[in-house]
Structures are given as structure tokens and as C-alpha cells.
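Here are some notes to go with the model, jotted down as numbered points. Have it open while you read.

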Amino acid sequence: METSTKTVQPLLKVQKLGKQIPIRSGLFRRQVGNIPIYTNVSFEVQAHETVALVMPPKSGKSIFSRSLLQLEDASSGQVLFNGKDVSKVRRGAQKLLRQQMQIIFDDPYLAINPRLTIVDIVSEPFRIHNLAKRSNVLALVKDLLKVVGLNPYVARRFPYELSGSQRQRVVLARALATKPSFLLLDDPLAKLDPLLARPFITLLKDIQQSHGLTYLLVSSSLAEAKAFADRIGIFHNGELVEIANTQTLFSNPQHPHTDRLVAQFPFDDWQFD
């Protein structure tokens with residue numbers, strides 16, 4: 001008797017993704033070469049999973065993150081979300097895709113308009129995607145602020161009146177407004193005080209459980225990845241050289257670069273009960 005095996009489709013599937021920056025020279029700015037940022041990157045993220053990709057500092061993390069969401073064009077390869085190529089989604093369906101795929105950037109102050117109040121910032125997705133009546137917006141924003149651990153009274157404040165950690169929580173609240181299924185975290189702890197980084201990770205984990213989210217963290221910190229992710233991928237010289245279950249990666253690294261990173265890792269840091 002034959003038994004059928006059901007294949008679970010990944011929520012996100014990246015296939016041979018690459019990005020090159022053209023080098024131009026001369027009076028007419030002719031292209032004379034390319035600088036590779038990343039090459040031939042392939043991996044998958046299952047629904048409700050947390051995957052972390054560790055990239056060296058100043059190696060193009062934000063460029064990579066933006067290309068996953070088609071905020072910047074890749075030079076080669078494709079990104080599939082729920083089985084659909086995000087680069088080929090028709091214009092009418094792009095809004096639906098943007099609702100499902102949200103991003104948290106590394107610098108919360110640059111990610112928001114400093115001239116707007118917090119209520120205007122967090123409610124922006126409601127206006128863009130026509131998700132709520134104007135009379136309900138303030139109540140919805142206050143609910144989102146509570147979800148990310150902020151007192152609703154900050155709704156009438158401006159970004160300069162908040163700390164860096166509070167601003168990052170505002171950015172998170174705005175991302176949650178569309179009820180996404182996937183959240184890309186582009187080095188979200190980079191601008192936070194180390195003492196505030198752990199509570200933010202705990203918050204993200206709690207929100208993942210309550211909202212059924214899938215996370216992809218792109219970071220330069222192996223410590224953050226270990227504290228946060230189910231699986232970790234390691235980049236070296238623009239290539240994804242290894243990806244494995246977090247415990248396996250630390251106990252049995254396969255690539256020499258991963259082995260060096262693990263050997264240097266301070267095991268007493270970033271431990272969670």
C-alpha cells in the first residue's frame with residue numbers, strides 16, 4: 001500500500017538571489033564593472049518559524065533586506081512568498097502583498113516622519129490600505145501601542161519626545177497595523193541600548209505567539225540570532241555558507257567561518273530562561 005507524503009510549502013522561499021552594484025567611470029558614466037553585494041543566496045522560512053541570517057557589519061544587510069520585499073531590485077534570482085514571485089505580482093495585488101510582508105528597519109528615527117504625532121505614524125497603514133474608519137483610528141492605535149508595551153498616552157506625542165526603544169516599538173506597532181503574517185527584522189536592535197535589547201526580543205517573541213507571525217532577522221550579531229531564532233544562517237564574503245538549527249549550528253558547525261564565529265562566542269551572554 002502506497003503512502004503519500006504531503007509537502008509543506010514554505011511561507012518564504014529565496015532562490016539564487018544576487019545583487020551587484022555597477023561601477024561607472026568616465027565622462028559618460030559608462031559601466032566598467034560590478035561590485036557583488038551578495039550572490040546565489042537560497043533558503044526557506046516556514047510559517048511561524050524564526051530564522052536569523054548573520055551578515056558581517058557594513059556588508060549590505062539593508063540592501064539585502066529591501067530586495068527581499070522588492071523595495072529594491074535584485075540583480076538575479078527570485079523571492080517567493082506563499083508560492084508567488086514577489087517581483088511579478090501585479091500592481092493591483094501589491095497592496096495585499098505589502099499588508100502581509102512588513103519590515104522593521106535598524107534606525108527607528110529614520111523610519112518615521114519626525115513631524116508627525118505617534119497616532120498619525122501608527123495609523124498610516126490604515127489610511128494607505130483603507131483598513132479602518134476614521135472614527136475608529138485612535139482606539140485602534142491605542143490598542144496597538146498597548147500590544148508593543150507602550151502607554152496609550154504617547155499617541156499624541158512626537159518622536160523626539162520618545163527614547164530610541166520607544167520609537168522602535170512605535171515602528172513595530174505601525175507594522176502590526178496591517179495584521180501581517182511575515183515580519184522582516186533588519187537589525188532592529190542596532191540603535192538600542194544593550195540593556196533594552198533583551199526586553200525587545202522578549203516582546204517580539206510574545207507578539208509572535210499571540211499574532212501567529214513568521215520572522216526573518218537579518219543581523220550582524222550572532223548573539224542576537226542565538227537568543228532569538230529557531231534556525232541561523234551564516235554569511236561569508238556575500239554568500240550564505242551555512243544554515244542550520246540553532247542548537248546544531250553551535251554544537252556542530254560545518255563551515256570553517258561558522259566554526260570561527262562559534263569559537264569566539266561568549267556563551268554566558270544573551271541567555272534566556
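Which helix gives the most to the lining of the second largest pocket?

1. Helix α5 (residues 134-147) does, with 4 residues; helices here are DSSP runs of H or I, at least four residues, and strands are E runs of at least two, numbered from the N terminus. Keep in mind that this is a predicted model, with pLDDT of at least 70 needed for local features and 80 or more for side-chain atom pairs, while totals for chains, interfaces and linings use all residues. Residues are numbered from 1 along each chain as its sequence is written, and side-chain values use heavy atoms, leaving out hydrogens and water.

2. That second largest pocket has a volume of about 240 Å³. A pocket is an open set of points on a 1 Å grid over the protein atoms alone where a 1.4 Å probe fits, with protein on both sides within 12 Å along at least five of seven lines; lining residues have an atom within 4 Å of a point. The volume is the space filled by probe spheres set on the points, which are joined across faces, edges and corners. Its lining includes L140, D143, L144 and V147, along with H211.

3. The largest pocket holds about 420 Å³ of space. Among its 18 lining residues, R98, Q102, I103, I128 and R174 lie nearest the centre. Helices α2 (91-100), α4 (124-129) and α6 (164-176) and strand β6 (101-104) each supply at least two lining residues.

4. T246 counts as buried because its relative accessibility is 10%, and buried means under 20% relative accessible area (1.4 Å probe, protein chains only). Leaving aside residues up to four places away in sequence, T246 touches K226, A229, D230, R231 and I232, a contact being heavy atoms within 4.5 Å.

Methods:
Buried means under 20% relative accessible area, exposed over 50%, partly exposed in between (1.4 Å probe, protein chains only).
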